[in-house]
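Hi everyone, thanks for making time this morning.

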Amino acid sequence: MIGMDMSLLAIAAIVVPFVAALAIVVSPQRAAKWWCVGAAAVSTALTLAVWGMFAGCGEESVTVTLAVLGDAEVIGLVFDKVSVLLAPCFVGIGLLIGIYSIGYMNKGNREHADAPRRRFYAFFTVFIGAMAGVVFSSTVVGQLVFFEITGACSWALIGYYDTPSARKSAMKALILTHIASLGLYIAAGALYLQTGTFAVAAIAQLDGWWKAFVLLCVLFAAWGKSAQLPLYMWLPSAMEAPTPVSAYLHGASMVKVGVAVFARELIGAGPVPEVVGWVVVIGAILTMLFSFFMYLPQKDMKRLLAFSTISQLSYIFLGFGFYIFGSDLAFEGGVMHIFNHAFAKTLFFLVAGAFSYTLGTRMLPKIKGVLKKQPLLGVAFAFAALAIAGVPPMNGFFSKFAIFSGSFAVAEGNWLLMLIVVVALLETVGCFAWFLKWMGSVLPGEPSPTVADAAPIPKPMIGVFVVLMVLTVCSSFIAAAWLG
C-alpha cells in the first residue's frame, strides 16, 4: 500500500510539469512564467512528500511496476535513499531557477534584453518533469524515455536565442547526447535478451561478461550526458543558452542524468566485474585533468564554469569507480556530490547570469570590486567558488572528503589506483588555487568602470541567491544524515 501511495505522488510529480507545459502553450504569454513556477512548486512539494513517506515506511527500497509486456517489466518506479534524495533536489532547483528567470528574462537584461517567450517556459517545465522521471525510473526503458526527453528539451533551450551559433550549439548537443543514448538502447536490448525484463535490478542476474557489457554500454550513455571524454564537446558550446538554462541543464540537472542513471545501475547490479571499475576510474581521471587544463585559460565565466562542471562530474564517476573496487563510502560520497554540486554550481551560474544582467558582460577581467558595489553578489560569488573548490564548511568539502576517504581505503596496495587518487587530490588543490585567484581579482578593491555602472539586481534573483547560499552550507549535512 505504501508503495502505491508513493508511486501516485511520484507520477503526479512527473506529470504536473508536462500538463503545465501544455497550459503554457495555450495561455497568454504573461501567464507562462506563473504556470512554470506553479508547476515546479507543486512537483517539488510532491517529491518532498515522497521523501517523508519513504522515511516513515522503514523499507530500504520499494519498487512498483507500472507497465509490463508479457512477463517483462517495462515501466516502473523505485524509491530508495538515492531516488528520494535526488528528486527534490533536481525539481526544487528547477523551481528556484524558474523564480530567478522572472527577474532575468526581461528587457532590462543588459546582455540579452528579451521578453519572456512561452517556448522558454514550456520546454523548461517539461525538463523539470523529465528529471523526476529519470530519478524514479526502475527500468532501463523508463530511463531511456526520459533521457531522450531531456535531450530534446536541451536542444530547444540551448537554441533559444535562435542565432547561428546558438542553433549550431543546440544541434551539437542533440547529436552527441543522442549518440550517447545508443548505449542505453543496446543495454536495454542485451538485458532483455538475457533476463526477459527491462528492470534495472535484473542486471544482478547477468553473468560476469554480460554484466560488464551492459554496464559499459550504460557508462557510454552516462559519459555523453555528463560531458565526459570523449563526448564532452557539447557542454562548453551549450553556454550559448540563456543563463537560467545553463544553470539548470548544464549545472544542476541534465549533466546529472548520466551519473544518476549509472548510479541506479550500480545499485541494481550486485558485484561488478573489475574491468568496469578500471574503465570508470581511468575515464574519470583523464577527463578531470583535461577539463582542469581547459578551464585555466577561460575568461568567459560561463565557459570556465562549463569546464569546471565536467571536472566536478569526474569526481562523481571516480567515487563510483572506487565503489566497484569495494568502497561503499566512495559511492555515498559520489551520490552526495551529485546533490551538493547541483546547489553550488547552480549558484555559480546564476551569479554569472547576474553579471550579464547588471553589467552587460560576464568576462572576468572586466569585473573588479564587486563586493563594494554589490555586496550580496560578491558574497554569492565567494560562496559558490569555495563550495566548488571544496573548502569547509561549504558542501563540496564533505562529499569530496567521502570520495577521497573511500578511494584511499581501497587503493591501498595498488600503486596505479593510489596514483589516480593522488592525482585527483592534486587537481582539487589546483581547483582551489584557481578559484581563489579569481576571487582575489573579482571581489575586493575599487569597482572597475564596468562594475561601477552596474544596474540593480531584480528581487526574484536576490531571493534565489539567499536560498542557494544557505544550501551550499547545509546540503552536505542533509545528504550525510540521510545516506547514513
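What follows is a short tour of the pockets and cavities. Please keep in mind that this is a predicted model.

Let's start with the largest pocket, which has a volume of about 460 Å³. It is lined by 21 residues, and the closest to its centre are Ser 61, Asp 80, Val 82, Arg 264 and Ile 267. H13 gives the most, with 4 residues.

Now for the second largest pocket, with about 240 Å³ of space. Here 13 residues form the lining, and Leu 48, Pro 88, Gly 92, Phe 343 and Leu 471 are the closest to the centre. Helix H2 (32–57), H3, H13 and helix H19 (459–483) each give two or more residues to this lining, and H3 gives the most, with 6. Both domains take part again: at least three lining residues come from each of domain 1 (1–272) and domain 2 (280–483). Which classes of residue make up the lining of the second largest pocket? There are 11 nonpolar and 2 polar residues, and no charged ones.

On to the cavities. The count comes to 2 cavities of 30 Å³ or more.

The largest cavity has a volume of about 50 Å³. Its lining consists of Val 82, Ser 83, Leu 86, Val 134, Val 135, Gln 143, Ala 260 and Arg 264. H3, helix H4 (118–136) and H10 each give two or more of these residues, with the largest share, 3 residues, coming from H3. By class, that is 5 nonpolar, 2 polar and 1 charged.

The second largest cavity has a volume of about 40 Å³. Around it you'll find Met 301, Leu 304, Leu 305, Phe 348, Leu 364, Phe 381, Phe 435 and Trp 438. This lining has 8 nonpolar residues, with no polar and no charged ones. Helix H12 (301–324) provides the largest share, 3 residues.

Definitions and conventions: Residues are numbered from 1 along each chain as its sequence is written. This is a predicted model: local features need pLDDT of at least 70, side-chain atom pairs count only at pLDDT 80 or more; totals for chains, interfaces and linings use all residues. Side-chain values use heavy atoms; hydrogens and water are left out. On a 1 Å grid over the protein atoms alone, a cavity is a set of points where a 1.4 Å probe fits but cannot get out, and a pocket is an open set with protein on both sides within 12 Å along at least five of seven lines; lining residues have an atom within 4 Å of a point. Grid points are joined across faces, edges and corners, and a volume is the space filled by probe spheres set on the points. Ala, Val, Leu, Ile, Met, Phe, Trp, Tyr, Cys and Pro count as nonpolar, Asp, Glu, Lys and Arg as charged, and the others, Gly among them, as polar. Domain bounds come from an automatic or database domain assignment.
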